[in-house]
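Welcome! Here is a short briefing to read with the structure open beside you. Take it one topic at a time.

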Amino acid sequence: TRHLLGIKELQAQDIATILETADQFKEVLQRPIKKVPSLRDVTIVNLFYENSTRTRISFELAEKRLSADTINFSASGSSVSKGETLLDTVNNILSMKVDMVVMRHSASGAPHFLAKHIPAAIVNAGDGINEHPTQALLDAFSIQEKLGTLQGVRVAIIGDIMHSRVAQSNIHLLQKMGAEVIVCGPPTLIPKYLTEAFGVRVEYNLRKALEWSDVANVLRIQLERQNQVLFSSLREYNIAYGISRRLLESLPKPITIMHPGPINRGVELDSDVADGNQSIILQQVENGVAVRMAVLYLLANRG
Ligand code: CP
């Protein structure tokens with residue numbers, strides 16, 4: 001069985017194939033009838049053990065546009081509260097003739113564990129602080145759409161790198177596809193072991209990072225994953241690392257602003273930057289559907 005567990009496991013050619021397939025689905029999504037019959041014999045469960053707005057809705061919509069049957073499972077409100085294990089839960093769902101599992105979990109490695117124990121194809125929709133592969137794919141698709149290429153594009157990933165599966169998946173993908181990447185944020189949120197493992201350059205000064213960049217991918221401070229105070233306050237974070245329109249307009253050239261969502265407005269991005277004409281944040285969300293259609297279509301061996 002083939003899975004999408006992380007970008008780490010993919011070759012550049014796999015990524016290129018997904019992005020090319022997503023291009024075709026984006027074209028389908030512009031038509032009056034946005035639906036194709038490709039997966040009408042496939043049943044998919046969206047298994048969410050952690051909260052989500054964009055990823056969950058985007059997968060469900062991608063499945064519906066491909067004519068798959070879909071069911072949605074949230075850990076809250078399920079028999080997980082009675083002590084049922086992940087494996088028991090999934091095996092019970094699969095016994096009802098479900099073919100594919102889209103899964104978000106707060107534990108890093110949960111989809112990798114599942115892949116070893118069940119026969120269905122698994123798509124990782126975010127596992128703990130490890131990877132969020134479809135986010136990196138939709139980010140790459142959106143950069144390519146805006147700038148025409150990934151090759152040689154300079155991307156600064158800004159913010160809470162340590163807790164970010166989006167940062168990890170983006171670094172893997174951008175490096176494989178020939179883009180240049182730096183990370184920027186407070187030293188407490190950019191551990192050395194991480195940057196050394198990735199071989200990625202660190203720039204602690206926000207202005208310098210932005211002056212270097214074509215694209216800034218701005219991350220949320222993940223308060224829910226921090227078990228200690230890693231910076232003094234959100235106000236101070238905003239002063240040192242928040243992006244304002246004044247800062248953006250003082251740069252030597254216009255840069256593209258991205259954010260995976262949800263945004264903490266007034267912390268990492270001011271509203272007039274998030275909603276401004278250099279932001280492609282809602283295009284990222286739009287592209288998520290075409291990219292997830294491509295992933296599901298290819299994993300179902302229809303490519
Ligand atoms: N970008 C992202 O994963 O958002 P959600 O947590 O709302 O799915």
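Two residues are in contact if their C-beta atoms, placed from the backbone, lie within 7 Å. Keep that in mind as you read about this predicted model.

- The domain assignment divides the chain into domain 1 (12-131 + 285-299) and domain 2 (133-284).
- Between the C-alpha centres of domain 1 and domain 2 there are 25 Å.
- Where the domains touch, 22 residues of domain 1 and 22 residues of domain 2 take part.
- On the side of domain 1 that touches domain 2, helix H1 (12-28), strand E4 (121-127) and helix H12 (281-299) each supply at least two residues.
- H12 has the largest share of that side of domain 1, with seven residues.
- Sorted by class, the side of domain 1 that touches domain 2 holds 10 nonpolar, seven polar and five charged residues.

**Around the ligand**
- Which residues surround the ligand? They are Ser52, Thr53, Arg54, Thr55, Arg56, Gly126, Gln135, Pro260, Gly261 and Pro262.
- The shell around the ligand is made up of two nonpolar, six polar and two charged residues.

**What the record says**
- An unreviewed UniProt entry places the feature "binding site" at Arg54, Thr55, Arg104, His132, Gln135, Gly261 and Pro262.

**A look at Thr55**
- You can find Thr55 in helix H2 (residues 54-65).
- Is Thr55 buried or exposed? Thr55 counts as buried because it has 25 C-beta neighbours inside 10 Å, and 20 or more are needed for that label.
- Setting aside neighbours within four places in sequence, Thr55 is in contact with Arg104, Ala125 and Gly126.
- Among these partners of Thr55, Arg104 is also listed in the UniProt feature, while Gly126 also belongs to the ligand's surroundings.

**A look at Gly261**
- Gly261 sits in the loop between strand E9 (256-258) and helix H11 (271-274).
- Gly261 counts as partly exposed because it has 17 C-beta neighbours inside 10 Å.
- Setting aside neighbours within four places in sequence, Gly261 is in contact with Arg54, Ile281 and Val285.
- One of these partners of Gly261 is Arg54, which is also listed in the UniProt feature and is one of the residues surrounding the ligand.

How values were computed
Residues are numbered from 1 along each chain as its sequence is written. This is a predicted model: local features need pLDDT of at least 70, side-chain atom pairs count only at pLDDT 80 or more; totals for chains, interfaces and linings use all residues. UniProt positions are given in the numbering used here, feature names are shortened, and annotations may be inferred rather than shown by experiment. Helices (H or I, at least four residues) and strands (E, at least two) are DSSP runs, numbered from the N terminus. A residue is buried if 20 or more other C-beta atoms lie within 10 Å of its own, exposed if 12 or fewer, and partly exposed in between; C-beta atoms are placed from the backbone. A residue is near a molecule or strand if its C-beta atom, placed from the backbone, lies within 6 Å of it. Ala, Val, Leu, Ile, Met, Phe, Trp, Tyr, Cys and Pro count as nonpolar, Asp, Glu, Lys and Arg as charged, and the others, Gly among them, as polar. Domain bounds come from an automatic or database domain assignment.
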